Protein chains: 2
Amino acid sequence: MAHSAAHERLAALSSHLARPTAPPPDWPGALAALEATFPAHQLSLDLATRQQHGQSWGSLLPPAPPAAVLHALATSDVVAVVRIATRFGIVLIPTGGRTALEGQFTPTRQAASGEVVLPRPTIHVSLSRMNRVLELHAQDFQAVVQPGVGWASLNAYLAERDGVKLFFPVDPAPGSEFGGMAGVAGSGTNAVGYGTLRAEWIQGMTVVLMDGSVIRTKGTNRARKSTTGFDTGRLFLGSEGTLGIITELTVRLAPSVPLKVALTSFPSVANAVTAVVDILGAGLTPTSLELLDGTSIRGLNLSKILPDELPEEPTVLMRFSNPSDEVNRASLETVAKIVERAGGRELRVAKNEQENDELWKARKSQYWSQQLLIGAGCRTLITDVCVPISRLAEFVARSEVLVQRSGLVAPIVAHIGDGNVHRAILWKGAEGETERPKEVEHLAKALVKLALELEGTCAGEHGIGLTKRKYLRAELGEGTVALMRTVKRALDPLNLLNPGKVLFPEGEEEWV
Amino acid sequence: MAHSAAHERLAALSSHLARPTAPPPDWPGALAALEATFPAHQLSLDLATRQQHGQSWGSLLPPAPPAAVLHALATSDVVAVVRIATRFGIVLIPTGGRTALEGQFTPTRQAASGEVVLPRPTIHVSLSRMNRVLELHAQDFQAVVQPGVGWASLNAYLAERDGVKLFFPVDPAPGSEFGGMAGVAGSGTNAVGYGTLRAEWIQGMTVVLMDGSVIRTKGTNRARKSTTGFDTGRLFLGSEGTLGIITELTVRLAPSVPLKVALTSFPSVANAVTAVVDILGAGLTPTSLELLDGTSIRGLNLSKILPDELPEEPTVLMRFSNPSDEVNRASLETVAKIVERAGGRELRVAKNEQENDELWKARKSQYWSQQLLIGAGCRTLITDVCVPISRLAEFVARSEVLVQRSGLVAPIVAHIGDGNVHRAILWKGAEGETERPKEVEHLAKALVKLALELEGTCAGEHGIGLTKRKYLRAELGEGTVALMRTVKRALDPLNLLNPGKVLFPEGEEEWV
């Protein structure tokens with residue numbers, strides 16, 4: 001195949017020769033263009049705002065303030081800043097609610113350097129002020145929103161209107177906004193019932209590409225279904241701001257129906273998994289199936305958030321929503337039998353809406369109540385693996401050994417219906433600490449390795465950002481990573497859009 | 001911005017210079033390589049098989065037999081034929097159940113020519129013999145299948161096994177196979193309840209790319225959820241065999257639960273839509289909501305498939321599936337009230353499984369019973385637009401005027417819950433006819449234009465292929481089409497994989 005090899009070399013060579021490169025960065029030029037284009041209230045140059053934007057959630061890296069924060073008010077603003085960035089060689093990072101946990105919006109550091117050095121001047125393009133609900137098509141179960149609208153504020157807006165009650169059912173972090181939600185395309189507590197943001201909840205997007213063009217991924221089309229070739233919109237779901245900047249979204253809504261919360265506990269996680277598989281296999285439709293382990297329940301008991309103490313053992317919290325209370329009751333009668341058969345305690349079912357909220361607090365308060373296990377100065381690293389449900393009990397048992405070996409405390413909150421396990425690794429932080437203790441990093445890495453061994457993923461719903469890049473080759477294989485790089489190059493040939501996120505900068509790979 | 005314009009011109013020029021081109025076609029060389037690589041039983045060179053593969057469904061183009069049909073038995077066979085194609089400049093077209101309606105697997109003709117001329121020798125890569133279910137993970141509601149497995153045969157396989165009854169709920173054409181199903185990524189009668197193939201039913205794929213690499217889009221990961229950056233798998237859904245060749249799929253399964261079929265009719269489509277929106281708004285979960293118009297019912301009555309005649313007016317056939325018959329009954333009690341309020345006739349509910357099947361025949365027999373409206377020699381063009389539900393009644397009313405003006409008969413079968421309307425345009429075909437009558441083409445085009453005006457799509461579930469390409473610019477906009485072309489070029493730079501499908505060959509665009 002000498003001919004073919006030569007051909008491949010030639011193709012590689014010509015593609016290398018043709019690869020365009022960004023101009024050398026010219027910050028004074030960029031700043032002058034920004035100031036000539038945008039009024040002062042859209043441009044933050046003060047250190048406080050910049051530092052706030054440079055703050056790294058989750059990764060604990062020291063803050064690296066961007067050179068400016070541009071507050072976009074319209075798609076045309078995003079086009080203008082894209083043109084400035086490509087002309088002056090400036091990096092752009094789109095931001096919104098800034099709830100991402102894996103460093104998705106943190107200015108990218110130069111790799112292999114302990115210092116905080118940004119490879120190029122960086123502008124954070126904040127979309128939070130684009131926060132209007134533009135259209136509501138109740139009959140079509142659709143809304144058109146700007147990227148700065150949060151799912152929680154959309155739901156508040158929808159709750160106030162008359163007529164059929166609709167809501168957006170996918171519930172990632174409370175402060176998250178639709179632009180970033182599409183960017184990570186994760187989920188929340190409702191995924192077992194409603195699917196994730198990678199399902200069909202985001203139907204179309206307006207996206208600004210790095211050549212300055214504005215596309216509408218579904219064009220003029222508001223239909224519930226369409227099959228117009230491969231769906232370019234899907235490309236931006238999970239792209240974490242690396243392929244384009246989303247400036248409008250058409251989202252699907254669900255009807256709001258009566259909820260019922262129930263709770264029980266099991267002698268082991270294996271028993272809980274048996275019950276969950278049987279619940280799903282019976283065709284029952286829980287919207288949430290959440291697991292709290294005995295350690296999490298201990299924190300909860302310390303918090304006294306619930307009126308009574310719960311047994312400190314694997315506990316499953318369920319939420320059912322069906323068109324009527326009768327159907328919820330019938331579903332929970334079946335669930336009670338399944339739980340009994342699986343060795344669980346008697347199912348405790350909320351009697352009314354107030355009890356729904358009360359029981360659900362067991363889940364909602366976890367981030368804070370877990371910290372009581374450590375006390376003042378508690379720091380948290382929330383891990384995010386997901387394994388097939390059939391491997392979940394094994395994952396929990398084997399990860400328990402890893403936790404005990406580490407000497408750390410690491411309670412579990414899991415979306416058990418999806419196999420998505422969050423162990424919160426807790427430690428008492430030192431004053432001014434900017435790096436995590438080594439044993440915390442070791443444990444986090446060991447949990448990912450175990451998940452991959454069990455045919456799971458390093459990132460159930462929080463995405464890749466900076467912190468999970470190292471696992472991508474082991475999980476996806478070289479070919480898929482290479483394809484992702486091909487797509488990135490095709491859409492952002494100058495590598496100025498959130499560079500180094502999801503994929504390592506070329507030549508700086510540090511695979512696990 | 002003279003600087004920037006020059007920069008853009010330079011980038012365009014260098015990308016043009018660098019674009020690799022396929023070698024001139026060398027069929028004798030390719031054939032020798034095929035014969036040296038594959039045993040005779042995997043290579044069909046006889047005219048009958050080739051003509052069968054060159055047959056154009058739906059588009060009525062004269063057959064254009066490929067030069068050979070290669071029957072792949074393994075991923076490595078596909079890699080081998082990809083290497084032969086790129087070396088000898090041969091076109092590849094992946095095929096499977098060959099149920100696609102828009103010319104997806106038809107050898108691409110040279111444009112602007114009445115004659116049947118293929119731009120390059122073509123090999124059909126048939127994946128139908130790769131028809132094994134490789135793994136079943138019942139606890140995870142997952143199966144791993146080869147691309148030649150059909151959804152119907154997977155469901156037959158699953159029905160025979162013991163334990164929890166599982167099935168694959170998305171039901172396009174009965175003979176369709178998973179490779180092609182992912183390729184078009186359409187749906188069927190169950191989309192209102194279970195979503196389409198663009199939702200999360202296809203979780204991961206093994207794909208052979210045109211550089212000969214084999215990727216696994218989700219890598220080692222069998223988790224129900226994951227967020228490892230943008231999902232390259234989604235790129236192949238709907239790619240209609242233009243970006244890669246799928247050789248394995250991990251699919252999600254659903255639990256099989258009791259079904260109940262019901263039927264009613266309404267004085268107008270507008271009344272039917274009101275009922276449907278109320279059913280969905282109440283949070284009831286029909287798996288199917290199908291509309292047959294009065295003309296379709298007339299054909300049904302002529303067929304005498306049902307024991308009694310139905311009123312020849314807009315009829316909605318519904319299928320509910322819930323964990324128990326009690327829940328189905330409760331749902332249908334609510335539906336009966338909604339139907340009454342919307343002006344429908346009394347809801348007719350199947351009393352048992354036999355009656356379920358009987359009523360469902362009203363839908364299943366449509367392709368044949370509609371033909372009775374014309375009689376012997378009837379030909380059918382099944383159109384496939386989809387509009388927002390809120391515009392459905394307007395679409396039907398205005399399209400009725402178009403039909404009457406055309407003098408043709410064009411009964412409706414619609415997935416009303418999704419707004420997906422199939423008008424079957426019927427005519428009496430002449431002997432040896434290879435082109436459709438002009439008025440048929442005119443009506444089909446007018447229906448698409450009307451759908452686009454009403455914020456709908458030209459392709460609800462049958463894809464683009466050859467026949468819908470002309471509408472893409474009007475529907476998606478130039479920018480989205482340009483992005484699709486960028487992606488196509490990045491993945492198939494030599495343009496040898498099903499060229500001219502979904503996207504026109506460059507320079508041969510004929511937009512509507």
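**View 1. Chain A is divided into four domains by the domain assignment.** Let's start with the overall plan of one chain in this predicted model. Domain 1 of chain A covers residues 20-128, and domain 2 covers 133-255. Next come domain 3, at 259-368, and domain 4, which is written in two pieces, 377-427 + 439-462.

**View 2. Domain 2 of chain A meets domain 3 of chain A.** How far apart do the C-alpha centres of these two domains lie? The distance between the centres is 30 Å. At the boundary, 7 residues of domain 2 are in contact with 10 residues of domain 3. Together the two domains of chain A bury about 510 Å² between them, and 52% of that area is on carbon and sulfur atoms.

**View 3. Chain A and chain B share an interface.** Here we step from one chain to the pair. On each side, 96 residues take part in the contact between chain A and chain B. The area buried between the two chains is about 7900 Å², with carbon and sulfur atoms giving 61% of it. Look for A:Lys225, A:Thr227 and A:Phe230: these three supply 12% of the area that chain A buries against chain B, more than any other three residues.

**View 4. Helix α9 of chain B packs against helix α14 of chain B.** Find α9(B) at residues 269-281 and α14(B) at residues 392-406. Angles over 145 degrees count as roughly antiparallel, so α9(B) and α14(B) are roughly antiparallel to each other. The crossing is right-handed. B:Val269, B:Ala270 and B:Val273 of α9(B) meet B:Leu392, B:Ala393 and B:Val396 of α14(B). By class, this contact has 6 nonpolar residues, with no polar and no charged ones.

**View 5. Helix α14 of chain B also comes within 10 Å of helix α15 of chain B, axis to axis.** Helix α15(B) spans residues 438-453, and the two axes cross at roughly 160 degrees. Because of that angle, α14(B) is roughly antiparallel to α15(B). Is this crossing left-handed or right-handed? The crossing of α14(B) and α15(B) is right-handed. From α14(B), the contact residues include B:Phe395, B:Arg398 and B:Leu402, while those from α15(B) include B:Leu443, B:Leu447 and B:Glu453. Sorted by class, the contact of α14(B) with α15(B) has 8 nonpolar, 2 polar and 2 charged residues.

Terms used:
Residues numbered from 1 in each chain as written. Chains lettered and ligands numbered in written order. Predicted model: local features only at pLDDT ≥ 70, side-chain atom pairs only at ≥ 80, totals over all residues. Heavy atoms only, no water. Axes fitted to C-alpha atoms, helices over the stretch in contact; angles between N-to-C directions. Helix = DSSP H or I, 4+ residues; strand = E, 2+ residues; numbered from the N terminus. Parallel < 35°, antiparallel > 145°, perpendicular 65-115°, else oblique. Left-handed = near helix turned anticlockwise from the far one by under 90°. Contact = heavy atoms within 4.5 Å. Nonpolar A, V, L, I, M, F, W, Y, C, P; charged D, E, K, R; others polar. Domains from an automatic or database assignment. Buried area = accessible area lost by both parts, 1.4 Å probe.
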